[in-house]
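Trainee: May I go through this model with you? I would like to start with the charged side chains and then turn to a helix.

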Amino acid sequence: KFKTADGYTGRCFFGEHLLKEGERVYCCESEKTALLFYLHYGKLCIATGGKNNLAGKNKNFMLLPDMDAREEWAKMGECWPWWNKWPDAPDHADIGDYIVMRKTI
């Protein structure tokens, strides 16, 4: 009944309550990644909670897809190609993994 695969679109974004009208915002899949991005870059990042949950996105979103969702998300909006900084990133890595990897090296 509440699966996005079945057409459910009533989900909200993690951190959506922090958005200001017209503000540019980064958008990733994972809530953990949104927090890591904010702590590392100091910029608001909201999370979809899953790669299929971009139904409510708007033109002010800069997308930060996981490695396995790059092509799919690129069709839905502008993506920041963080993966160019990590050419050998694993298939399911995200920018949060990149931030942690950079901090531990």
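Trainee: Is Arg24 buried, exposed or partly exposed, and what is its relative accessible area?

Mentor: Arg24 is partly exposed, because its relative accessible area is 38%, and the band for that term runs between 20% and 50%. Please keep in mind that this is a predicted model.

Trainee: Which side chain does Arg24 meet in a salt bridge?

Mentor: The partner is Glu78, with 2.8 Å from N to O. The two come from distant parts of the chain, 54 residues apart: Arg24 is in the segment before β1, and Glu78 is in the loop between α2 and α3.

Trainee: And how accessible is Glu78?

Mentor: Glu78 has a relative accessibility of 45%, so it counts as partly exposed.

Trainee: How many salt bridges does a search of the whole structure find?

Mentor: Three. One of them is formed by Lys32 and Asp97, whose closest N and O atoms are 3.4 Å apart. That pair also links distant parts of the chain, with Lys32 in helix α1 and Asp97 in helix α3, 65 residues apart.

Trainee: What about the accessibility of Lys32 and of Asp97?

Mentor: Lys32 is partly exposed at 41%, and Asp97 is partly exposed at 29%.

Trainee: Which residue pairs with Lys51?

Mentor: Asp68 does, in a salt bridge of 3.9 Å from N to O. Asp68 belongs to the loop between β3 and α2, and Lys51 to the loop between β2 and β3, so the bridge ties together parts 17 residues apart in sequence. Asp68 is partly exposed at 33%, as is Lys51 at 27%.

Trainee: Turning to α3, which of its residues are buried?

Mentor: Helix α3 covers residues 95-104, and its buried residues are Ile95, Gly96, Tyr98 and Ile99. Seen down the helix axis, the buried residues fall within an arc of 160°, so they line one face of α3.

Trainee: Why would residues three or four places apart in an α-helix point the same way?

Mentor: Because an α-helix has 3.6 residues a turn.

Trainee: What covers the buried residues of α3?

Mentor: The cover includes helix α1, residues 31-41, and strand β3, residues 61-64. Helix α1 is also where Lys32 sits, the partner of Asp97 in α3.

Trainee: One last point: which backbone nitrogen does a side-chain oxygen of Asp94 reach at the start of α3?

Mentor: That of Gly96, to within 2.9 Å. Gly96 is also one of the buried residues of α3.

Definitions and conventions:
Residues numbered from 1 in each chain as written. Predicted model: local features only at pLDDT ≥ 70, side-chain atom pairs only at ≥ 80, totals over all residues. Heavy atoms only, no water. Buried < 20%, exposed > 50% of the residue type's maximum accessible area, 1.4 Å probe, protein only. Helix = DSSP H or I, 4+ residues; strand = E, 2+ residues; numbered from the N terminus. Arc of directions from axis to C-beta. Contact = heavy atoms within 4.5 Å. Polar contact = N/O pair within 3.5 Å; in protein donor to acceptor, adjacent residues only side chain to side chain. Salt bridge = Lys/Arg side-chain N within 4 Å of Asp/Glu carboxyl O.
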